[in-house]
Amino acid sequence: MPARATGQIVLATGVLALAGIVAQQTTVIPVSPLYAKVGPTVFPWMVAAGLALLGLLLLIEALRGGWPADDHDEQTRVDGRALGWVLAGLVANVVLIGPLGFILASTLLFCCVARAFGSTQLPRDAAIAFVFAALTYVGFARVLGINIGAGLVERFF
């Protein structure tokens, strides 16, 4: 078996192991008897199932010979600037989620990641991010009753 396929098998089994960890940790989330069908474990179970499916598909592809290598596989360089934008967004999210709240911190994270992928349309990115973050906040805070970081904007929802 070529070295590349071996690495791909290791990656696939790592994704499968991660699915197992997510599933195991989901079983220890306390569930109130007040929840009828949708509770705090629905999304983690969906993530575990998605990871398991992805891991299986990666494993099947790796066992069939692996996915094709990029022509520039040996010469691929890490884009430090893009990585810096993602890292800055993650750090800002962790630092600002307390004082600013989930929606604004997540909007900033989204904008940084969009910039890392080459976007120069900050107003558009911020608008998209704000809508997604607000919907996520409402889904967790209002529908599921889980506080994910209330701040400046969240009091209006």
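Student: Is Asp125 buried or exposed?
Tutor: Asp125 is buried, as its relative accessible area is 6%. Buried stands for under 20% relative accessible area, exposed for over 50%, and partly exposed for what lies in between, with a 1.4 Å probe and protein chains only. The model is predicted, so local features need pLDDT of at least 70 and side-chain atom pairs count only at pLDDT 80 or more, while totals for chains, interfaces and linings use all residues. Residues are numbered from 1 along each chain as its sequence is written, and side-chain values use heavy atoms, with hydrogens and water left out.

Student: Which side chain meets Asp125 in a salt bridge?
Tutor: That of Arg124, at 3.0 Å from N to O. A salt bridge here is a side-chain nitrogen of Lys or Arg within 4 Å of a carboxyl oxygen of Asp or Glu.

Student: And how many salt bridges does the whole structure have?
Tutor: A search of the whole structure finds one.

Student: Why does Arg124 count as partly exposed?
Tutor: Because its relative accessibility is 46%.

Student: New topic: where is Gln8?
Tutor: Gln8 is in helix 1, residues 3-26. Helices are DSSP runs of H or I with at least four residues, numbered from the N terminus.

Student: What does Gln8 touch?
Tutor: Leaving out residues up to four places away in sequence, Gln8 touches Ala62, Gly66 and Trp67; contact means heavy atoms within 4.5 Å. Gln8 counts as buried because its relative accessibility is 5%.

Student: What about Leu87, buried or exposed?
Tutor: Leu87, in helix 3 (residues 80-100), counts as exposed at 51% relative accessibility.

Key. Helices (H or I, at least four residues) and strands (E, at least two) are DSSP runs, numbered from the N terminus.
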